Amino acid sequence: MILKIRRKFNRSYSVVLDTDSAEALQDLPRKLRDLLTRPDVSKQVTARLFPRVYKDAAEEEEYRRLLGDELLRRKLDSVKLFEDTLQNRKAVLVRGTDAVELTVKPEEFELWLGFVNDMRLVLGTELDIQEDGWSENFDPTHPRANDFALLHYLSLLEEELLRAHPKLP
Amino acid sequence: MSQSTKTLERPETVEETRTEHDRLWNVIVWNDPINLMSYVTFVFQKLFGYSLAVATKHMLEVHGQGRSIVATVEREKAEYFVGRLHGFGLQATMEKQTG
């Protein structure tokens, strides 16, 4: 597996992945967009991506009326950004192996990271992960082992992104 | 009603309104098994400007105790923080500070 993220001199992020991994990510923007725009598809996922703010129902409703669209818009922006980044991938060779390079501009970093994390939340909710330590107890015979593997991969991607980000003051 | 009584009543009304308006709200982040500890720490640093040590302390509180009060601010600011935390995918709520 190839996964290498570094910050370049122009401060943009170079994300190098093997072609299989890039292929596995290809379908994720469509999936998240569907879930965001059709909240009836999965109530659990919608509740996880748009958690309650207030205990009081009237206050919650008012908050959603005023600010709910903003959160949805931000999440849809992250989907579009991730999709565009994948479309603009560049073929590269890493130690003689075909790979792809994605470029994330510094001002896009948070939104891009947000997409990766939202997809982790979607998968984690669908897989009904309730406790820490799920990654250590990976069962390759599980009927949804592929989704567990994808979630694990997105965790690695997220960790590498955070590692590449300059230290915050 | 005499003029002097009116003068006394007015400041009381203003004071009550101000107290309600200025009441502080706790922004609370809740534990969940999916978000990575490093990610939660990053979000706290980014959003609240906390040092790594303070951000880590809050993250460990979330992880170990199930929740952490990450900010105590006026209502509008609390709504802003909760909205941003939801944007980052963290479970956050707000409640009036008691006492």
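**Close-up views of a predicted two-chain model**

A:Asp128 lies in the loop between helix H5 (109-126) and helix H6 (145-164) of chain A, where helices (H or I, at least four residues) and strands (E, at least two) are DSSP runs numbered from the N terminus. This is a predicted model, in which local features need pLDDT of at least 70 and side-chain atom pairs count only at pLDDT 80 or more, while totals for chains, interfaces and linings use all residues. Residues are numbered from 1 along each chain as its sequence is written, and chains are lettered from A and ligands numbered from 1 in the order in which they are written.

View 1. Most residues other than glycine have a negative phi. The phi of A:Asp128, however, is near 55°, a positive value in a residue other than glycine. A:Asp128 counts as exposed because it has 9 C-beta neighbours inside 10 Å; a residue is exposed if 12 or fewer other C-beta atoms lie within 10 Å of its own, buried if 20 or more do, and partly exposed in between, with C-beta atoms placed from the backbone. A:Arg95, found in the loop between strand E3 (90-94) and strand E4 (97-104) of chain A, likewise has a positive phi, of about 45°, although it is not a glycine. A:Arg95 counts as exposed, with 6 C-beta neighbours inside 10 Å.

**View 2. The four-stranded sheet of chain A.** An open sheet with antiparallel pairing has the strand order E1-E2-E4-E3 in chain A, two strands being paired if DSSP finds at least two bridges between them. E1 and E3 of chain A stand at the edges with a single partner strand each, so one side of each is left without a neighbour in the sheet. On average, neighbouring strands of this sheet are turned by 30° against each other, direction ignored; the axes are lines fitted to C-alpha atoms, and angles run from 0 to 180 degrees between N-to-C directions.

**View 3. Strand E2 of chain A and its partners.** Strand E1 (residues 3-7) and strand E2 (residues 13-18) of chain A run antiparallel and are joined by five bridges. In their hairpin, which has five residues between the strands, A:Arg11 takes a positive phi near 75°. E2(A) also pairs with E4(A), in the antiparallel sense and over six bridges. A:Ser14 of E2(A) is the bridge partner of A:Arg6, and A:Ser14 stands opposite A:Thr103 in E4(A).

**View 4. Helix H2 of chain A.** Within helix H2 (residues 28-37) of chain A, the residues A:Leu28, A:Pro29, A:Leu32, A:Leu35 and A:Leu36 are buried. Seen down the axis of H2(A), these buried residues fall within an arc of 130°, so they line one face of the helix; the arc is that of the directions from the helix axis to the C-beta atoms. A:Arg30, A:Asp34 and A:Thr37 are exposed on the other side of H2(A). The buried residues of H2(A) pack against helix H1 (19-25), helix H3 (43-49), helix H4 (57-87) and H5 of chain A.

**View 5. The contact of chain A with chain B.** This contact takes 26 residues from chain A and 19 residues from chain B, where two residues are in contact if their C-beta atoms, placed from the backbone, lie within 7 Å. On the side of chain B that touches chain A, the elements giving two or more residues are helix H2 (37-48), helix H4 (75-87) and strand E3 (91-96) of chain B.
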